[in-house]
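Here's a set of exercises to work through with the model open in your viewer. Try each task before you read its solution.

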Number of protein chains: 2
Amino acid sequence: MDGTRVFLANSNQHINIGKETHSRNGFVYVKNPHLDLMEEDILYHLDLGTKTHNLPAMFGDIKFVCVGGSPNRMKAFAQFMQKELGHEGEDNDLKNICAGTDRYSMYKVGPVLSISHGMGIPSISIMLHELIKLLHHAKCCDVTIIRIGTSGGLGVEPGSVVITDVAVDSFFKPQFEQVILDRVVTRSTELDQDLASELLKCSGKDFPTLIGHTMCTYDFYEGQGRLDGALCCFSNEKKLEYLKRAYNAGVRNIEMESTVFAAMCRLCGLKAAVICVTLLNRLEGDQIKASHEVLAEYQRRPQQLIATLIKKRLGLINDKELLDNAIV
Amino acid sequence: MDGTRVFLANSNQHINIGKETHSRNGFVYVKNPHLDLMEEDILYHLDLGTKTHNLPAMFGDIKFVCVGGSPNRMKAFAQFMQKELGHEGEDNDLKNICAGTDRYSMYKVGPVLSISHGMGIPSISIMLHELIKLLHHAKCCDVTIIRIGTSGGLGVEPGSVVITDVAVDSFFKPQFEQVILDRVVTRSTELDQDLASELLKCSGKDFPTLIGHTMCTYDFYEGQGRLDGALCCFSNEKKLEYLKRAYNAGVRNIEMESTVFAAMCRLCGLKAAVICVTLLNRLEGDQIKASHEVLAEYQRRPQQLIATLIKKRLGLINDKELLDNAIV
């Protein structure tokens, strides 16, 4: 990856702690020497803790973690997985594990954990810190984590599903800048390429699926070049010039969480993927005008892809069935 | 304000569109020439729109907007305002105006609007763009907006309420950096000083209230110098050295939304304040260990202050009653 090499070469002025990226023995690990010294760890925003909950018993069997912005969508995904994995009789058991807080929602279906993360880098970052500690305390092993999101598309048909190869910032760089105390630390945002390829193989004929760069911004309006916010000081021409430059740099969709998600998962030995459906083509407009029904159907698309991957990994479908459904 | 002068003097390399800060005729205004050309404006994340809803009829009488991270807390605030304003009989009417989406929750009690904004700058920024457009479309006039939040305290007793005079970033600068297309625009984060003083006068004897700087970060763990995240590469000494520098710069609490809130409200002619209760003293620890009951009582404190301000403005209490309750 040329972009990553350039970024690493240019990052000498920053601290770089992104080199050690493989997990030891498949365990999720934390990179924090202070944690071992703590008698208790309260995962405040999840309303869980090491003294109040038996985390290995509750979560030790987790193999797949799926995260997404909207609590309702992540509940719907958990219900969908109940059906897909034949856990339907357990409907009454599908309770929100984080019911004691309204910051995030969490559901568990067998080896699958479904969690909401709200909108934006800071919101997903809080959840990821606590989730990674949770998986560590629970001694989880060989965990795959996938973000299922919504996004604005760039030069792709609305409803297309984009599997991210690398998350880039507003300047099209494959990096995430984390402020630590008052120093800026640059982290790599590359995702697991094998997982991205495996996910692409799970796609079917029902909707377009592609691999591309995903741009992650701090803002939905000015930061994504929208003309319809409360504040806007640029022209339609400047907007299109920027979005076209993004397209030429390989960006196929824009969202608000992928860089920090890629950076943190990479540092903690989690194999990670980002799959977002595009709700509109940003080269054609800014407002999301599709009906609730159309948008709801779009949002089920990444879920179908992930369900196929999980069932394949669990041996519930075989390669032949996968091929029968695939675009050849 | 020395800090602000230094910032303005240093900001020549950036675009600065933060100078025009007073509202014309008390109306909330948008700074976006494109909006007038739009036939319809869909406020996507609020599930409202100019063609589907009569916004002036629904919201035209709004004078006070209170925003806060947690949906449950903002519902509790609306219920509290029902009692305070004598709207108790209307309990059944307290419905979530944004029920069609799970991104934000919104409640209206007479002239008071209560809205949740999630966690972090990107999340509150989306809400503010759509809220400001909503107030503009509804032709609202003389609106006061207050963020009621939770925060980490710095050298103040847990449960103290901090009224922000100016929001500062991780480098203690009174500014917010907004990426627009791929340029960085620096905006002032000063809040309305008269409103801050008026709020301080509404405080009583029940809990400590003070005016101070509020530091706003992009992250709860590494960005706030916490030792208990999934990632941590600094020592307890480095952490305390940073937090003490923040204290010496005038910071009394740390949260994750105030800079963009101050910057956007200022640009759109909204008189704005930030009032946060502190859940712990960060010089003494990182984990929030107080019981649910204690934390719930803490979170009602900023609400009491705002209720007093609103009742005073509406003529429901007079200056004598205020003085009787005040610390003299």
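**Exercise 1. Place A:Leu131 in the fold and list what surrounds its side of the chain.**

Start with the element: A:Leu131 lies in helix 4, residues 121-137 of chain A. (Helices are DSSP runs of H or I with at least four residues, strands are runs of E with at least two, and both are numbered from the N terminus.) Now check the burial: A:Leu131 has a relative accessible area of 0%, so it is buried. (Buried means under 20% relative accessible area, exposed over 50%, and partly exposed in between, using a 1.4 Å probe and protein chains only.) Next, collect the contacts, meaning heavy atoms within 4.5 Å. Skipping neighbours within four places in sequence, A:Leu131 is in contact with A:Leu46, A:Val65, A:Val67, A:Leu113, A:Ile115 and A:Ile145. Take A:Val65 from that list: 66 residues separate it from A:Leu131 along the chain, and their C-alpha atoms are 9.5 Å apart.

Before you go on, a word on bookkeeping: this is a predicted model, where local features need pLDDT of at least 70 and side-chain atom pairs count only at pLDDT 80 or more, while totals for chains, interfaces and linings use all residues. Residues are numbered from 1 along each chain as its sequence is written, chains are lettered from A and ligands numbered from 1 in the order in which they are written, and side-chain values use heavy atoms, with hydrogens and water left out.

**Exercise 2. Sum up chain A as a whole.**

Count the elements: chain A has nine helices and twelve strands. Then the burial: of its 328 residues, 60% are buried. Finally, the contact range: among chain A contacts between residues at least 6 apart in sequence, 77% join residues at least 24 apart.

**Exercise 3. Which residues of helix 5 of chain A are buried, and what covers them?**

Helix 5 runs over residues 193-201, and its buried residues are A:Leu195, A:Ala196, A:Glu198 and A:Leu199. Look down the axis: those buried residues fall within an arc of 165 degrees, so they line one face of the helix. (The arc is taken over the directions from the helix axis to the C-beta atoms.) On the other side, A:Asp194 and A:Lys201 are exposed. The cover over the buried residues includes strand 6 (144-153), strand 7 (161-168), strand 10 (209-216), strand 12 (271-281) and helix 8 (292-313) of chain A.

**Exercise 4. Is A:Glu257 buried or exposed, and what does its side chain pair with?**

A:Glu257 sits in the loop between strand 11 (251-255) and helix 7 (258-267) of chain A. Its relative accessible area is 5%, so A:Glu257 is buried. The side chain of A:Glu257 makes a polar contact with that of A:Arg147, at 3.0 Å. (A polar contact is a pair of N or O atoms within 3.5 Å; within protein, one must be able to donate a hydrogen and the other to accept it, and residues adjacent in sequence count only if both atoms are side-chain atoms.) Beyond four places in sequence, the contacts of A:Glu257 include A:His117, A:Met119, A:Ile124 and A:Cys216.

**Exercise 5. Where does an Arg lie over the face of a Tyr?**

In chain A, A:Arg252 lies over the face of A:Tyr247, 3.7 Å from the ring centre. In chain B, B:Arg252 lies over B:Tyr247, also at 3.7 Å. (The rule asks for NZ of Lys or CZ of Arg within 6 Å of the ring centre and within 35 degrees of the ring normal.)
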